[in-house]
Amino acid sequence: MLPYIAKRVLMMIPTLFAISIIVFTIIQLPPGNYLESYIAELEAQGESVDRQKVEFLREYYGLDKPLPEQYLRWAGGMLHGDFGYSFEFNMPVTKVVGDRMLLTMIVSFVTILFTWAIAFPIGIYSATHQYSWGDYGLTFLGFLGIAIPNFMLALVMMYVANVFFGTTIGGLMDPEFIGKPWTWDKVKSVLEHSWIPVIVIGASGTAGMIRRLRANLLDELSKQYVVTARAKGLPPRKVLRKYPLRMALNFFISDIGSLLPHIISGAEITAVVLSLPTTGPMLLNALKSQDMYLAGSFLMFLAFLIVVGVLISDLALVALDPRIRLSGGVAR
Amino acid sequence: MNIQRDLLIPAEAKAEAATLEETQALDPGHFVSTEPFDPGSAAQLPPGQERFYLASQWTLMWWKFKRHRLAVASAIVLLAMYSSTLVTEFLAPYNLHTRHTDFIYAAPQRVHLFHDGRFVGPFVYPQTKSLDMTTLRRVYTPDRSDPRPLRFFCSGDAYRFWGLVPMSFHVVCPPRNGTLFLLGTDRLGRDMLSRILSGARISLTIGLLGIALSFTLGLVIGGLAGYYGGWVDMTVQRMIEIIRSFPELPLWMALSAILPVTWSPVLIYFGITGILALLDWTGLARAVRSKLLALREEDYTTAARLMGAKPSRIISRHLLPGFMSHLIASATLSIPGMILGETALSFLGIGLRPPITSWGVLLNEAQNVNVVALYPWLMLPVLPVIIVILAFNFFGDGLRDAADPYR
């Protein structure tokens with residue numbers, strides 16, 4: 001088991017390396033660099049440019065150096081927590097970002113829990129009651145969840161929450177609590193606001209998961225050992241609980257690989273609409289103003305989140321599934 | 001068929017059968033049929049079943065698909081929507097760029113048939129505008145005394161058909177000196193219905209173009225990986241893994257944000273399509289690869305190789321047809337993702353740009369919660385999006401079920 005874990009962790013390194021190269025390419029792609037256009041803009045507005053500072057930045061990030069060296073500086077800086085410099089905000093990216101990344105992680109995590117909590121019972125019901133009215137109804141609901149663009153769902157839910165429950169528009173808490181220490185009221189306010197993003201982000205992911213879980217469980221239910229168990233007279237509920245359900249549990253863990261990118265994508269656009277203090281709105285702004293170091297580090301962070309998430313799910317699978325533990329490979 | 005079989009029977013056997021028939025015919029105790037004997041008759045299928053057993057794979061698929069009613073209905077809906085894009089300009093009551101400055105944010109108008117209990121045919125009541133001084137909102141009230149019948153097959157707003165031929169023909173036109181805003185107007189007083197109809201042209205084609213691109217990419221890359229195996233396969237596998245570990249939407253956002261501002265809207269359209277396809281081929285490539293890996297071990301592949309067929313011929317002639325139907329089904333299922341992707345990008349304002357009009361560009365106007373409260377009809381472009389996504393999903397499901405007709 002240990003060699004497998006070691007191998008799995010080591011395999012992450014080339015992946016992250018390749019991702020960082022792609023992100024760096026994206027940073028470099030816009031014509032000219034931000035520093036130049038920034039200086040030009042300041043000069044056009046008649047403001048004085050702090051030559052010394054510009055020089056320092058140029059030097060620090062090697063903006064006049066060849067690309068490979070720029071990459072090394074950028075990637076090397078990232079390794080010890082320096083994500084580059086946001087030219088738009090005029091401060092290091094780490095300061096601009098603040099706890100946005102943490103909040104993104106929390107929102108994603110809660111959404112995964114929500115997705116599991118909803119998808120598990122519904123998926124099992126759909127599979128065991130195949131072609132019943134309940135199955136059709138739930139499948140249709142799931143399809144709706146996939147088909148409605150989540151930004152529209154977010155807008156409408158925000159409006160509904162405001163009209164029916166008096167929740168303030170947007171954000172993760174009432175404006176009066178922003179920057180205040182954590183109190184019971186503040187927690188309540190956060191909870192009041194956070195169910196909308198969780199439902200909106202979770203909607204399409206849940207729908208996809210229900211469909212995959214249903215298909216998986218149906219495959220499992222038609223296998224011969226289930227037929228044998230039934231033929232030997234085991235009550236249907238016990239058959240389900242003893243064997244196929246446990247298989248389905250493994251699927252929940254291994255499905256994180258396809259769920260997580262989905263949730264993070266959904267979280268970004270939903271956050272823009274709901275103006276949540278997560279990475280979404282800031283990534284969009286950074287991209288619009290071509291503040292590429294900021295955008296690049298967000299991208300890098302999101303990809304990193306997914307890679308680590310998949311790693312955790314793989315390791316959890318090793319702990320859960322003896323077949324993998326014994327053969328030392330992922331059995332999917 | 002019978003003639004062929006007759007030819008296969010050697011002449012002596014025929015002569016023997018003939019003499020046998022003669023001797024038996026002399027014996028009165030037995031009934032002997034005098035009809036010619038066909039030794040292949042046992043293997044021959046009754047005419048009713050021949051149709052089923054000898055049907056081609058595609059015929060079988062069509063039969064199975066036909067039974068999936070929801071899929072057939074979805075196919076019809078999709079067909080209708082796609083064919084509407086051919087004649088958008090005729091169907092739309094207005095030119096999509098015409099501004100009606102007197103009717104900004106006008107609410108949808110209703111079409112009536114009866115006026116004062118008397119049948120008039122389809123007509124609308126003209127709207128009069130007033131300003132609500134407390135909320136500063138424009139309020140449109142229909143004037144119920146003055147029915148204005150619609151005109152059909154008429155000449156209305158001028159436009160260029162497909163951007164080329166100047167014309168002014170419309171299927172429905174607003175009444176003379178009147179307006180016809182069935183789905184309301186936007187902040188510049190442009191008719192929403194006409195805009196949604198022309199948005200279909202962009203939103204629907206971007207899915208098809210994108211899937212064509214990603215299909216080709218997936219087929220070529222997956223085909224190479226699956227057929228050659230070894231280091232080619234390793235490289236492709238790693239590449240797919242890396243692309244998959246990016247969250248789709250943020251990467252789309254980043255790529256479309258770096259499309260040069262100087263590009264023309266048409267170039268941007270192709271750029272966005274390319275970006276959507278660039279991240280989408282991985283699923284197809286995976287499917288192609290795993291199928292190829294399995295199929296290249298089959299005996300018929302070895303036979304083809306021994307007979308000197310080139311890899312390109314083996315792949316395209318012997319291997320691909322075996323799972324093409326599956327590929328088409330899964331490609332259909334990934335079109336909705338592309339349409340949603342374009343909608344999301346344009347909604348955020350980093351996708352397509354006006355004057356190109358797609359559903360996402362239209363939804364860009366409905367970005368804040370005020371719209372939901374005050375002008376909910378600006379959110380209507382989301383309806384065709386939902387319908388198309390649902391239809392593609394059901395259609396693709398039906399295709400996938402039909403793709404394996406022998407099960």
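A crossing of two helices is left-handed if the near helix is turned anticlockwise from the far one by less than a right angle. The views below come from a predicted model.

**View 1. Helices α7(B) and α8(B) make a left-handed crossing.** Their axes come within 7 Å and cross at roughly 140°. Angles over 145 degrees would count as roughly antiparallel. α7(B) and α8(B) are therefore oblique to each other. From α7(B), the residues that meet the partner helix are Ile221(B), Leu224(B), Ala225(B) and Tyr228(B). α8(B) answers with Gly230(B), Val232(B), Asp233(B), Val236(B) and Gln237(B). By class, this contact holds six nonpolar, two polar and one charged residue.

**View 2. Helices α14(A) and α15(A) also cross with left-handed sense.** α14(A) covers residues 279–288, and α15(A) covers residues 292–320. They pack at an angle of about 140°, and their axes lie 8 Å apart. This pair is therefore oblique too. Thr279(A), Leu283(A), Ala286(A) and Leu287(A) form the α14(A) side of the contact. Leu294(A), Ala295(A) and Phe298(A) form the α15(A) side. Six of these residues are nonpolar, one is polar and none is charged.

**View 3. Chain B touches chain A.** The contact draws 30 residues from chain B and 36 residues from chain A. On the chain B side, the elements giving two or more residues are α8, α9, α13, α15 and α16. α9(B) gives the most, with seven residues. The chain B side divides into 25 nonpolar, three polar and two charged residues.

**View 4. The largest nonpolar core has 156 residues.** Ala154(A), Leu299(A), Met253(B) and Ala254(B) touch the most other members. Helix α7 of chain B, residues 192–228, supplies the largest share of this core, 15 residues. In soluble globular proteins, nonpolar side chains tend to be buried together.

**View 5. Ala154(A) and its contacts.** Leaving aside residues up to four places away in sequence, Ala154(A) touches Ile196(A), Val200(A), Thr270(A), Val273(A) and Leu274(A).

**View 6. Helix α12(A) and its buried residues.** This helix of chain A covers residues 244–254. Its buried residues are Pro244(A), Phe252(A) and Ser254(A). They pack against α6, α9, α10, α11, α13 and α15 of chain A. Of these partners, α6 covers 100–128, α9 covers 184–221 and α13 covers 256–274. The partner α10 covers 224–231, and α11 covers 236–242.

Definitions and conventions: Residues numbered from 1 in each chain as written. Chains lettered and ligands numbered in written order. Predicted model: local features only at pLDDT ≥ 70, side-chain atom pairs only at ≥ 80, totals over all residues. Contact = placed C-beta atoms within 7 Å. Helix = DSSP H or I, 4+ residues; strand = E, 2+ residues; numbered from the N terminus. Nonpolar A, V, L, I, M, F, W, Y, C, P; charged D, E, K, R; others polar. Core = buried A, V, L, I, M, F, W, Y, C linked by C-beta atoms within 7 Å. Buried ≥ 20, exposed ≤ 12 C-beta atoms within 10 Å, placed from the backbone. Axes fitted to C-alpha atoms, helices over the stretch in contact; angles between N-to-C directions. Parallel < 35°, antiparallel > 145°, perpendicular 65-115°, else oblique.
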